[in-house]
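Work through the exercises below with the sequence and the model open. Try each task before reading its solution.

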Amino acid sequence: MTINYFEAMRYVYSIIAGLFLFPCLSCSTDTAEWLDEEKPTDAVPVKGMKLVWNDEFNRTELDADKWFTQYYSTLDFVTKTKWEQFQSGILPEPAYKFTGNSIVLYIDEKKPEKAYWESSGRKISSIQTYDWRLNKNLLGDKVGGYIEARIRRNATEGAQLVNTAFWFDSPGPDAKYFIEEGNTAKNTIGVRPRGQVFEIDMCEYLNTEIVLHGNVNSKGEYEYSIGKYLVNDVNFKNRWTTHALLWTPNSLKFYIDGILKKEWSDPNDIKSPNHYMNIYFGAYGKGGTVSTEVDYIRFYQWDLEEGNELPNGNFEYGDGLYPWEGDAQIDKNNVKDGKQALSLASGKQISQYVYVDHTSSYCLEYWSSGCLETKVENIIPVVGNVQDTFQKETNFDSYTKETIVFSSKEEVGINKATVKVTFRNKGNSPVLVDHVVLKKGLR
């Protein structure tokens, strides 16, 4: 690639600044490689999505509209870690620096001034999108999407109790998303169904452990993870790496440098949370220097139009049908709107899981020709069972508009309901479907 003079000098300056600020962390063997490395582009990584929230960390100070600095999490709340300081808002502040195009969260012998865990001497420098004490959420109600961060993690020899992490945590201000549904513990009535995550770790330590935290017993004691995957084919130490999660109502897919490494997509064991999550970056340790450097974080969601809550309802996301799943084809010759429609051969079907507001009235509109069965099903979280079904069978010689009015199932608080929309060809000839719209309210 070709780098112009000003771009090259910007990188050189950032390296010099890093050597001055973090001499033991910037002695990297990949400095020349970093100079020649392509910086991430603004291209949308998943067809049909748009950028809805991000931080490029190009400022000289932390964006207070996006991040809090006093670390606290679900597990700290449950164990009452530093409880008095938490309630008073005087938890230890993180150590961090800006390079001009990234933020470096770090711990060393001098900073932060106080250990977070006094008994072990372990420190933490972390930023997060949620304040547990104030119950304030800076990320907004973003449920599902593609979340990507480019980070570099490092630790000096001799550093102890090291962790360098990028993760998601359930919101507070209490432990109801930690305690499981049907249990009362820690003075809290649980709402999280067993088998659903309360925490998602994108990477931990100096390797990459993708961990889904879940199982909690009736006493409110964490037992073990509900999913774990160790990425052992890459050396992550002091290496720029892109970590990403594609979170849909029925799956969690994890990517390293754009390559799918692990997914949990069993429709009868749905681990996805049906509520917004908090985002964290952190560096832990003692007796040395540990750092987590973040180049950027970007949050994408489906680009929905005109109040339609169903992604790719017009089948216009290129030649692919995702997030529809099943056996169907794009038809570019027989369309109702736009440039493309859906074609289903005899006996074939296609479906999509969608988050909607709970306990609400909705209307599904669609245009079809041929012998078609259409279903809208309310899905029970985790187990994937159908609570109730709204369906209709039609048989039209040409494109005709149809509607299905339905109610989404009841959920708790900020939780979303999950519905499954399915089209199935029940005839002997191909079926066409186009312009599918899912909107709130009766129509």
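## Exercise 1: Cysteines

Zero disulfides are counted, a disulfide being a pair of cysteine sulfur atoms within 2.5 Å. This is a predicted model: local features need pLDDT of at least 70, side-chain atom pairs count only at pLDDT 80 or more, and totals for chains, interfaces and linings use all residues. Residues are numbered from 1 along each chain as its sequence is written, and side-chain values use heavy atoms, with hydrogens and water left out.

Task: decide whether C203 is buried or exposed, and do likewise for C363.

Solution. Start with the cut-offs: buried is under 20% relative accessible area, exposed is over 50%, and partly exposed is in between (1.4 Å probe, protein chains only). C203 has 0% relative accessibility, so C203 is buried. C363 has 1%, so C363 is buried.

## Exercise 2: The open sheet

Task: in which order do the six strands of the open sheet lie?

Solution. Strands (E, at least two residues) and helices (H or I, at least four) are DSSP runs, numbered from the N terminus. Two strands pair if DSSP finds at least two bridges between them.

Step two: read the order. It is β4-β17-β8-β11-β12-β13, with antiparallel pairing. The edges are β4 (123-128) and β13 (225-231), each pairing on one side only.

Step three: zoom in on one pair. Strand β12 (residues 208-213) runs antiparallel to β13, and six bridges join them. Across this pair, E209 stands opposite L230 of β13.

## Exercise 3: Aromatic pairs

Task: classify the pair W53 and W67, then the pair Y96 and F98.

Solution. Step one: apply the rule. Rings of Phe, Tyr and Trp (its six-membered ring) pair if their centres lie within 6.5 Å; planes under 30 degrees apart are stacked, over 60 edge-to-face, the rest tilted. The structure holds 33 aromatic pairs.

Step two: W53 and W67 are 5.6 Å apart centre to centre, with 65° between the planes, hence edge-to-face. W53 sits in β1 (residues 49-55) and W67 in the loop between β1 and α3 (74-79), so the pair ties together parts 14 residues apart in sequence. Both W53 and W67 are buried.

Step three: the ring centres of Y96 and F98 are 6.0 Å apart and their planes stand at 90°, so this pair is edge-to-face. Y96 is partly exposed at 28% relative accessibility, whereas F98 is buried at 17%.

Step four: look for a cluster. W53, F57, W67, F166, F168 and F281 form one.
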